[in-house]
Amino acid sequence: MKKENKNPDLLIIGAGPVGCVIAERAAKLKQWTSLIIEKRNHIAGNCYDKLNSKGVLVHMYGPHYMRFKKKKIFKYVSNFTKWINGNYIVKSHVDGKLYPIPINLTTLEKFFKIKFKSKKSAINFIIKKRINIKKIRNSEDFILSKLGREIYEKFYKNYTLKQWGIHPKNLDKSIVGRLPIRFDRNPYYVNQKIRVMPKYGYTRLFQNMISDKKISVQLKTDFNKVKNKIKPKHATIYTGPPDLYFNFKYGKLDWRSLNFSFKTHRKKKIQDCVQINYPNEHKYTRKVEIKHVTKQKTKYSTLCFEYPKSKGDPYYPINNKKNKNIFKKYERLIKKAEKKNVFFEGRLAQYKYLNMDEVIERALNLFNRIKKKYSR
Ligand SMILES: Cc1cc2nc3c(=O)[nH]c(=O)nc-3n(C[C@H](O)[C@H](O)[C@H](O)COP(=O)(O)OP(=O)(O)OC[C@H]3O[C@@H](n4cnc5c(N)ncnc54)[C@H](O)[C@@H]3O)c2cc1C
């Protein structure tokens, strides 16, 4: 990785998945040089992982469960890593017991203390619990109308409150709607069939992706401090928050942030599965023991406790009316900026909850658009 290039073909702000994919494609398909500017002291964005002092590989910004909706995206990322199986298991701690999450047939049987003869009998049982709500306006309506009040109160209400600092009544239904509801015994956290972990971690994956000599990375550098000094020949790709880029012209977009606290034990395994959610107790939302999915063979294991907070690094866009309206205004500026070859992509820049496979796909599409522009 080269260190500096003040006159690159592409200037990329952010060394997360989006920045790395664009730089890789540009080097490979157009032999373009890229300079990546990153304010943190590492690459890989929020997917960053590293070995801690006891040699345990830790996901530094929360657990990252890689899954792919599309085979072609999986194939592309497979150029940079070997994989191990990623059968993610998550449970929720309710009234002293552990229940499978997402809610499935086993959760329902254990919670209601009923043995269902079939999927159909479970559905019929839940239909009687459902609350008839004509117009689903928010996250509370959504769960009440799908699973009824008891499940809502024990599994969703307080978790959502803790996670967002906002009552589910005041949150878009898409927030809780992201988690599947199942009437079978599928125990896996995600629906996708391609569930994998990079064998040597995410940081290694993205290092491999940007190993070409045509790619330079400048860490610990805020874009705002260098933006007038670097003039790219072709385009700028910006993966940071849009309000910051436009100097808060239309106001500030709200984000939910997190505090990560790590505790290492001299134990091969500490808890039952990779993630345990605590909806109704503690200040943290979940406890993650990533070793369950990295499958490292070490004497030690590390727990990560996640504490939601309103200030700090931007992690989750808050999808309410106010923020949607503000973002719409920035979107107009983003479209105008494109005409001057400044492109906004990624989870921060698009103010959208996007998984890794989704941002990688979007980055590949964006690069194709840029490439076309320069082959005319
Ligand atoms: C807690 C948490 C858990 C997640 N779990 C999963 C999961 O299980 N599965 C999954 O698929 N996805 C998960 N994700 C989402 C995943 O992290 C994102 O999809 C992915 O990181 C987005 O890539 P990106 O390049 O858009 O942004 P990021 O990874 O956020 O990278 C953007 C980079 O830009 C840098 N930057 C921003 N502004 C500037 C500036 N002005 N100057 C210089 N640098 C700047 C930032 O420091 C950052 O490193 C999770 C995210 C979080 C927060």
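1. The shell around the ligand, in this predicted model, is made up by class of 17 nonpolar, 12 polar and five charged residues. Gly, it should be noted, is counted here among the polar residues.

2. The ligand has 34 residues around it, and those that come nearest are Gly14, Gly16, Gly45, Gly240 and Gly346. Two or more residues of the shell are given by each of H1, helix H9 (223–226) and helix H13 (356–373). Of these, H1 supplies the largest share, three residues.

3. Which strands form the open sheet, and in what order? There are five, arranged E10-E2-E1-E11-E17, and their pairing is parallel. Strand E10 (215–218) and strand E17 (342–344) are the edge strands, each pairing on one side only. On average, neighbouring strands of this sheet are turned by 20° against each other, with direction ignored.

4. Helix H1 (residues 17–30) packs on this sheet, where H1 touches strand E1 (10–13), E2, E10 and strand E11 (235–238). The direction of H1 makes about 165° with that of E1. At one end of the strand order, strand E2 (residues 34–37) and E10 run parallel and are joined by four bridges.

5. Strand E9 (residues 194–198) takes part in two antiparallel pairings. Strand E5 (residues 66–68) is joined to E9 by three bridges, and Met66 stands opposite Val196 in E9. Strand E6 (residues 83–85) also pairs with E9 in the antiparallel sense, over three bridges. What is the bridge partner of Asn85 in E9? For Asn85 the partner is Val196, the residue that Met66 stands opposite.

6. For the protein as a whole, the secondary structure comes to 13 helices and 17 strands. The C-alpha trace spans about 65 × 50 × 35 Å along its principal axes. A compact globule of 376 residues would have a radius of gyration near 21 Å, and the 22 Å of the protein agrees with this.

7. Of the 376 residues, 39% count as buried. Among contacts between residues at least 6 apart in sequence, 74% join residues at least 24 apart.

Key
Residues numbered from 1 in each chain as written. Predicted model: local features only at pLDDT ≥ 70, side-chain atom pairs only at ≥ 80, totals over all residues. Pairing = 2+ DSSP bridges. Axes fitted to C-alpha atoms, helices over the stretch in contact; angles between N-to-C directions. Contact = placed C-beta atoms within 7 Å. Rg over C-alpha atoms; globule rule 2.2 N^0.38 Å. Buried ≥ 20, exposed ≤ 12 C-beta atoms within 10 Å, placed from the backbone. Near = placed C-beta within 6 Å.
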